[in-house]
Amino acid sequence: MTKLVKNLAIINVVVFIFGYLFQKEGIPWLETFVLFPIGSENYGVHQWITHQFLHSGVAHLAFNMIALLSFGPIVEKYFKKDFIWFYLISGLGAALLQFSFIPETALLGASG
């Protein structure tokens, strides 16, 4: 496992734990990081990046982390220093694709 892949996995898990804890306390923390459609009262430009680190549940997180830890090092070897850009741009592309089919939905997770 590479350092970058490990750090991305840690970030995803930490964000999930914080989201779970704050949601349990009734604090609508996650709502500011979910990607809402442009024009929505909840929309924010930062959401194009932040939504990529959110997960809807333990299974969603687990499957994504298995995929990241399994394929991330291989893909990172191919992209080298550009892997983080590939990771983020892939999440943006998935969001654009999702919005093209279901424009009124809010998104969380990089897989769209």
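Lys and Arg count as positive and Asp and Glu as negative; His and the chain ends are left out of the count. The exercises below concern a predicted model.

**Exercise 1. Charges**

Find how many positive and how many negative side chains the chain has, and how far apart the centres of the two sets lie.

Solution. Step one is the count under the definition above: the chain has 6 positive and 6 negative side chains. Step two is the separation: the centres of these two sets lie 22 Å apart.

**Exercise 2. Elements and overall form**

List the elements of the chain in order, and decide whether its radius of gyration agrees or disagrees with that of a compact globule.

Solution. Begin with the elements. The chain contains four helices and zero strands, and from the N terminus on the order is α-α-α-α. Next, take the extent: the C-alpha trace spans about 40 × 35 × 20 Å along its principal axes. Then compare the radius of gyration. A compact globule of 112 residues would have a value near 13 Å; the chain has 14 Å, so the two agree. Finally, look at the contacts with a separation of 6 or more: 63% of them join residues 24 or more positions apart.

**Exercise 3. Inside and surface**

State what percentage of the residues is buried, and what share of the accessible surface belongs to carbon and sulfur atoms.

Solution. Buried residues, those under 20% relative accessible area, make up 32% of the 112 residues. The accessible surface of the chain comes to about 7200 Å², and carbon and sulfur atoms hold 71% of that area.

**Exercise 4. The nonpolar cores**

Identify the residues with the most contacts inside the largest nonpolar core.

Solution. The largest core has 15 residues, and Leu8, Phe53, Met65, Leu68 and Tyr87 have the most contacts inside it. Helices H1 (3-24), H3 (58-79) and H4 (83-101) each supply at least two residues of this core. H1 gives the most, with five residues.

**Exercise 5. A residue in a loop**

Determine where Lys80 lies, and whether Lys80 is buried or exposed.

Solution. Lys80 lies in the loop between H3 and H4. The phi angle of Lys80 is near 55 degrees, a positive value in a residue other than glycine. The relative accessible area of Lys80 is 59%. Exposed means over 50%, so Lys80 is exposed.

Terms used:
Residues are numbered from 1 along each chain as its sequence is written. This is a predicted model: local features need pLDDT of at least 70, side-chain atom pairs count only at pLDDT 80 or more; totals for chains, interfaces and linings use all residues. Side-chain values use heavy atoms; hydrogens and water are left out. A nonpolar core is a set of buried Ala, Val, Leu, Ile, Met, Phe, Trp, Tyr and Cys residues joined through side-chain atoms within 4.5 Å. Buried means under 20% relative accessible area, exposed over 50%, partly exposed in between (1.4 Å probe, protein chains only). The radius of gyration is taken over C-alpha atoms; the globule rule is 2.2 Å times the number of residues to the power 0.38. Contact means heavy atoms within 4.5 Å. Accessible areas come from the Shrake-Rupley method with a 1.4 Å probe; for residues, only the protein chains shown count as cover. The place of a charge is taken as NZ of Lys, CZ of Arg, CG of Asp or CD of Glu.
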